[in-house]
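Please examine the sequence and the three-dimensional structure shown here before reading the report.

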Amino acid sequence: MKTMKAVCIYSYGGPEVLTYEDAPCPHPDVGEVLVRVHAAGINPVDWKIREGQLKETLHHTFPLVLGWDVSGVVEGLGSGIRSLKIGDEVFSHPDVSRDGAYAEFVVIKESEVALKPNSIDHLHATALPLAGLTAWQTLFDAGGLLKGQRILIHGASGGAGHIAVQLAKHRVDIVPF
């Protein structure tokens with residue numbers, strides 16, 4: 001069995017439950033890709049899951065690998081993959097009900113992976129998925145923001161807020177108050 005280095009938890013708790021160790025390397029199944037992790041992001045969901053705050057909602061099994069913002073390179077393909085190939089640089093916010101990216105490799109559903117823009121490196125790409133999705137879904141999916149409308153964005157210095165400002169400017173030509 002091929003192994004990799006990973007940061008795992010075996011129980012809920014504080015930072016002391018994190019262990020850096022050898023772990024089995026995952027293998028992609030139907031509709032999944034294996035990604036070699038170049039950068040993994042840290043978000044509040046990581047420590048909330050680590051502390052057990054979401055255990056009633058997310059039923060993880062241990063050991064668990066945290067980290068659900070990732071940028072890397074496709075290293076393996078499960079059957080049925082249509083839009084990606086080995087060597088593609090990608091980024092993702094994988095399903096938080098599965099193992100994350102605090103590891104050398106992570107398996108991700110093809111539908112949760114996007115090609116990384118050539119204009120940014122892996123470190124910057126890994127900062128985008130959760131904050132970017134939050135901003136997009138808030139402005140356009142839930143908020144229904146349309147061209148020509150005005151919007152006031154509170155907390156624009158945070159992760160989702162600063163991206164929301166950029167998306168609103170680009171997408172709807174916002175008019176400042």
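The report below treats the cysteines, the aromatic pairs and one arginine.

The model is predicted, so that local features need pLDDT of at least 70 and side-chain atom pairs count only at pLDDT 80 or more, while totals for chains, interfaces and linings use all residues. Residues are numbered from 1 along each chain as its sequence is written, and side-chain values use heavy atoms, with hydrogens and water left out.

The structure holds 0 disulfides, a disulfide being a pair of cysteine sulfur atoms within 2.5 Å. Cys 8 is in no disulfide, and the nearest cysteine sulfur, in Cys 25, is 12 Å away, which is too far for a bond.

There are 2 aromatic pairs; rings of Phe, Tyr and Trp (its six-membered ring) pair if their centres lie within 6.5 Å, and planes under 30 degrees apart count as stacked, over 60 as edge-to-face and the rest as tilted. Tyr 12 and Phe 62 are edge-to-face, at 5.0 Å centre to centre and 75° between the planes. Because Tyr 12 lies in the loop between β1 and β2 and Phe 62 in the loop between α1 and β4, this pair ties together parts 50 residues apart in sequence. Trp 136 and Phe 140 form a tilted pair, at 4.5 Å and 55°.

Helices (H or I, at least four residues) and strands (E, at least two) are DSSP runs, numbered from the N terminus. Arg 50 lies in helix α1 and is in contact (heavy atoms within 4.5 Å) with residues including Tyr 12.

Buried means under 20% relative accessible area, exposed over 50%, partly exposed in between (1.4 Å probe, protein chains only).

| Residue | Relative accessible area | Class |
|---|---|---|
| Cys 8 | 2% | buried |
| Cys 25 | 6% | buried |
| Arg 50 | 10% | buried |
| Tyr 12 | 25% | partly exposed |

Key:
Lists of a residue's contacts leave out its neighbours within four places in sequence.
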